[in-house]
Amino acid sequence: MTAKITIRGLGHEYVNPFTRERVLALDGVDLDVEEGEFLTVVGPSGCGKTTLLNILAGLLPKSRGTVLLDGREVTGPGPDRGVVFQEFAIMPWRTVEKNIAHGLEIQRIPREKRAAIVRRFVELVGLRGFERKYPHELSGGMKQRVAVARTLAANPEVMLMDEPFASVDSQTRITLQEELNAIAQATRKTILFVTHNVEEAVFLGDRCCVLSGRPGRVKALVPVKIPRERRRWKLLMSDATFDAAKEQVFGLVREEVNVGREG
Amino acid sequence: MGRYWEIASTWIIILTAGIAAWSLAAATLPVPAYFLPPPAAVLSGFVELTTKGMLPTYIGESLRRILLAAVIGLFVGVPIGLTLGISRRIADFAYPVLNFFQSVSGIAWLPLMLVWFGFGERTILIAVNYTVFFPVIFNALLGVRSVPQIYVNALRTLGASRWRIVRDVLVPGALPNIAMGVRLGLAYGWRALIAAEILVGANGLGFMIFNAQAFHLTARIMLGMAIIGALWVILDYFLLRPLEEATIARWGMVQR
């Protein structure tokens, strides 16, 4: 296997604009994401998970270290890295199909080809019949399906997901997690998925990266050896591998939360 | 539909009662007829001026001026406001100047404009456009600034160019404020127009009511005022509102 994303000695420091305090959000992060891998990143709140993702997306400049995608340095945002944001960042003035087609329009894909691709992804995320709806007519879960479809339709090398299911209700979240698992299996995309939810991280990840409290570092990488087709909540209710991985990750995250309290 | 009829019937009752009270007051109060003419006199004034063709001409002139100001406001004011919203550097530079001139109303400019541009069409148009401009510019600027950064970031990660972000995110995202700015601007502009027509005294509804005063034609003054108000209600309801309904209301960007 070759590393799709290579991160070495990554650090990020920012200055609080009000107190002028310098805050070290990430320090010495080393991480490889393999081609086709689903890597989840968990950690206590404020550990720099989102910062890490934003640097990968090219939305935030790094202070030091290297970030490579396919061996090339990441300098800014680009269509090779698709991002799904927590806050359903789809355009309210575009219909479902127009939102999904947005990346394709930017890539100047001809109209007919675009329509075919949109149709495929509308199908994939289960939004048939909603193509002409506007976002305000959709539920939170459906909005996030649109965002996922938009990202996938643009066919990025990797998909970066920033707590995408944090703002939907728990019933919907379970469904979306299973759907994303099926999508990962079907598309074999390299996915980096940030979450504060340990269960979610273990359910979805081929490996689960635990970040330490601020400044964020890679504390541990926990492999989750469960095949994609077995990853359904009903099947994992009493699965020893799942429970063991969950326990391990929980333990690692809890340690960090406690360190944070003492410090 | 039920609610609509409820509102309409309530207004019909209020208006009927108001007109009846006015008629009664005009008939019984010990004041001369020019002080408080009865509603019937206003109505007959309407019929007379319409058949003579004066009223349609004046209304036409006033409407032509405000619509011209609307077009210029849309095609010049909105792009200026958008540019200021997009470029922080230009905005920082231009903001104090704009702020200064917006506080000096178009009407305050009129005495100077009369000296510079004369008692004619030019002065009216410049004064009205000046008034329309500022609400349009400031609201377009505010609209761009209030577009959530997350939309911009989403498009950047899709590989969008700067121009694409302006076209696909900033302009549509600013539309609710642009619509509000145009509506406000035209409402202010409509008032400035009447004031300018009064001072310049060429034609239009403002001229009509001012001219009527010289001859103590009070009914005609009232008629002119009623038409000024009614025209605005019609303009707003049939032109500006449908525009909003078709765009930002459809997108769920305004609360109804």
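**View 1. Chain B, element by element.** From the N terminus on, the elements of chain B read α-α-α-α-α-α-α-α-α-α. That makes 10 helices and zero strands, where helices (H or I, at least four residues) and strands (E, at least two) are DSSP runs, numbered from the N terminus. This is a predicted model, in which local features need pLDDT of at least 70 and side-chain atom pairs count only at pLDDT 80 or more, while totals for chains, interfaces and linings use all residues. Residues are numbered from 1 along each chain as its sequence is written, and chains are lettered from A and ligands numbered from 1 in the order in which they are written. Along the principal axes, the C-alpha atoms of chain B fill a box of roughly 75 × 55 × 30 Å. Of the 256 residues in chain B, 34% are buried (buried: 20 or more other C-beta atoms within 10 Å of the residue's own; exposed: 12 or fewer; partly exposed: in between; C-beta atoms are placed from the backbone). Taking the contacts in chain B with a separation of 6 or more, 69% link residues 24 or more positions apart; a contact here is two C-beta atoms, placed from the backbone, within 7 Å.

View 2. Helix H3 of chain B covers residues 54-86, 33 residues in total. From first C-alpha to last it reaches 47 Å, close to the 48 Å expected at 1.5 Å a residue (the expected span is 1.5 Å times one less than the number of residues). Look for Gly73(B): a kink of about 35° in H3(B) is centred there. The bend at a residue is the angle between axes fitted to the seven residues ending there and the seven starting there.

**View 3. The largest nonpolar core.** This core has 125 residues, and a nonpolar core is a set of buried Ala, Val, Leu, Ile, Met, Phe, Trp, Tyr and Cys residues joined through C-beta atoms within 7 Å. Helix H8 of chain B (residues 162-200) gives the most to it, with 18 residues. Leu192(A) and Val249(A) touch the most other members. Leaving aside residues up to four places away in sequence, the contacts of Leu192(A) are Val33(A), Leu39(A), Val41(A), Leu53(A), Leu56(A), Val158(A) and Leu160(A). In soluble globular proteins, nonpolar side chains tend to be buried together.

**View 4. Where chain A meets chain B.** The contact takes 21 residues from chain A and 16 residues from chain B. On the chain A side, strand S6 (81-84) and helix H3 (102-106) are the elements that give two or more residues. That side has 13 nonpolar, six polar and two charged residues (nonpolar: Ala, Val, Leu, Ile, Met, Phe, Trp, Tyr, Cys and Pro; charged: Asp, Glu, Lys and Arg; polar: the others, Gly among them).

**View 5. Strand S9 of chain A and its neighbours.** Five of the five residues of S9(A) are buried, so the strand is largely enclosed by the rest of the structure. Arg207(A), Cys209(A) and Leu211(A) point one way, with Cys208(A) and Val210(A) pointing the other. Strand S3 of chain A (residues 38-42) runs parallel to S9(A), joined by four bridges, and there Thr40(A) has Cys208(A) as its bridge partner. S10(A) pairs with S9(A) in the antiparallel sense over five bridges (strands pair if DSSP finds at least two bridges between them). A hairpin of six residues takes the chain from S9(A) to S10(A).

View 6. Most residues other than glycine have a negative phi, and most peptide bonds are trans. The bond from Arg214(A) to Pro215(A) is cis, with omega near -5°, and Pro215(A) sits in the loop between strand S9 (207-211) and strand S10 (218-223). Asn155(A) has a positive phi of about 55°, in the loop between helix H5 (140-153) and strand S7 (158-162). With 17 C-beta neighbours inside 10 Å, Asn155(A) counts as partly exposed. Glu163(A), with phi near 40°, is in the loop between S7 and helix H6 (170-187) of chain A. Glu163(A) is partly exposed too, with 19 other C-beta atoms within 10 Å.
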